[in-house]
Structure formats: C-alpha cells, structure tokens
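Thanks, everyone. Let's walk through one chain together. Please have the sequence and the model open.

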Amino acid sequence: MPKRLPPMVDDRPSRDEWYLHIADEATERAECVRRQIVAILVNADGFCKGLFVNGGYPKGPSCLLGQCPRAFSDVAPGSSYDTGSGSCIALHAEQNLVANSSVEERRGGTAYISDAPCDGCTRTLQGTGLVRIKWRGGEWRREATGPYGSGPHIWRLAE
Ligand SMILES: [Zn+2]
Ligand SMILES: [Zn+2]
C-alpha cells in the first residue's frame, strides 16, 4: 500500500483576511454608542498580541451605562469627542492598543483595524514601532528609501 499523501492545497484565508474578519466580528464588545471599532496587534512573526476595542479602561466608567461626562454635557451632536466639554472618556481602539502593549510586541508588527483609522490614531500608530497599518480598503506601510534602504524610512499610503 502506498502511503497516502495529505492534500497539497492550502485554501485558508490569507492572514490579512483572517485578522480583518476577526476584527469585524469582535466589534460587538466596543463601548461607544456612536462607533464600534476593533484594533488587533500582530507582531513581526504574525502572532496576535492583543485585541482592543474603543472604550474606557476596564471596570472604569462606561459610556454605555451613561457614566461618560459627554452624556451630561449640552454640546451639539457631532461635536468633538476628544476636546472640550463634550470630551468622551473612551479611548479609540488604536489608543488602547498602544497604551496596553509593549514596544517589543509592536516593533515590526501590524495593526489590523476594522475601519480606517482617524488622523490622530494614524500618527500615533506610526510612531510606535509598527511597520504596517491595515484596514479594508487601504493600508499604511513603513518602507526604507534610498540605495539599499540606506535612506530614511517613510510611511506610504496604499489604497
Ligand atoms: Zn463617552
Ligand atoms: Zn482614532
């Protein structure tokens, strides 16, 4: 009897597809009445090092329970969630990722996000050792420039 070989087909989703799918599914734990976002930190080896939603620190006041000062302010709907009397206690998912991971976990890694990051989070993520920020519809990549990569590393946006 010849030994039977395993089927030599790898029809799994790509790592990008897989993590973006998980990010989409996980948004149900987000803690904001307005938007639900998930950011997943994947290290340089491709291992998941954390999954973060937008929201306050665990066991702190909750926007969903009406404990956020924004709920008691009289700011216009749609005004800034980040400054002024309408500030919300929730951190963006990307802010939670940076605040609750180590630089060793981030260095050379990727942040998968369930939606395009805001400008502030883009700048923050770009300054934390990551080399890639990926969401459906686009990505930022940190690339070396110059001969043999001797030039400065810059972030390029790919749609
Ligand atoms: Zn809030
Ligand atoms: Zn943001």
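We start with the count: the secondary structure of this chain comes to four helices and six strands. These are DSSP runs numbered from the N terminus, with helices being H or I of at least four residues and strands being E of at least two. From the N terminus on, the order is α-β-β-α-α-β-α-β-β-β.

Some ground rules. This is a predicted model, where local features need pLDDT of at least 70, side-chain atom pairs count only at pLDDT 80 or more, and totals for chains, interfaces and linings use all residues. Residues are numbered from 1 along each chain as its sequence is written, while chains are lettered from A and ligands numbered from 1 in the order in which they are written.

Now the overall dimensions. The C-alpha trace spans about 75 × 50 × 30 Å along its principal axes. The chain has a radius of gyration of 19 Å, but a compact globule of 159 residues would have one near 15 Å. That radius is taken over C-alpha atoms, and the globule rule is 2.2 Å times the number of residues to the power 0.38.

Next, the hairpin. Strand 1 (residues 38-42) pairs with strand 2 (residues 48-53) in the antiparallel sense, over five bridges. Pairing requires that DSSP finds at least two bridges between the strands. Leu41 stands opposite Gly50 in strand 2. Five residues lie between the two strands, and Gly46 in this hairpin takes a positive phi near 95 degrees.

On to burial. Buried residues make up 27% of the 159 residues. Buried means 20 or more other C-beta atoms within 10 Å of a residue's own, exposed means 12 or fewer, and partly exposed is in between, with C-beta atoms placed from the backbone.

Which residues touch the most other members of the largest nonpolar core? They are Val38, Ala39, Ile40, Ala93, Ala111, Tyr112 and Ile113, in a core of 30 residues. Strand 1 gives the largest share of this core, five residues. Such a core is a set of buried Ala, Val, Leu, Ile, Met, Phe, Trp, Tyr and Cys residues joined through C-beta atoms within 7 Å.

Last stop: Ala30, in the loop between helix 1 and strand 1. Why does Ala30 count as buried? Because Ala30 has 21 C-beta neighbours inside 10 Å. Leaving aside neighbours within four places in sequence, its contacts include Val38, Val53 and Gly55. Contact means C-beta atoms, placed from the backbone, within 7 Å.

Notes
Two residues are in contact if their C-beta atoms, placed from the backbone, lie within 7 Å.
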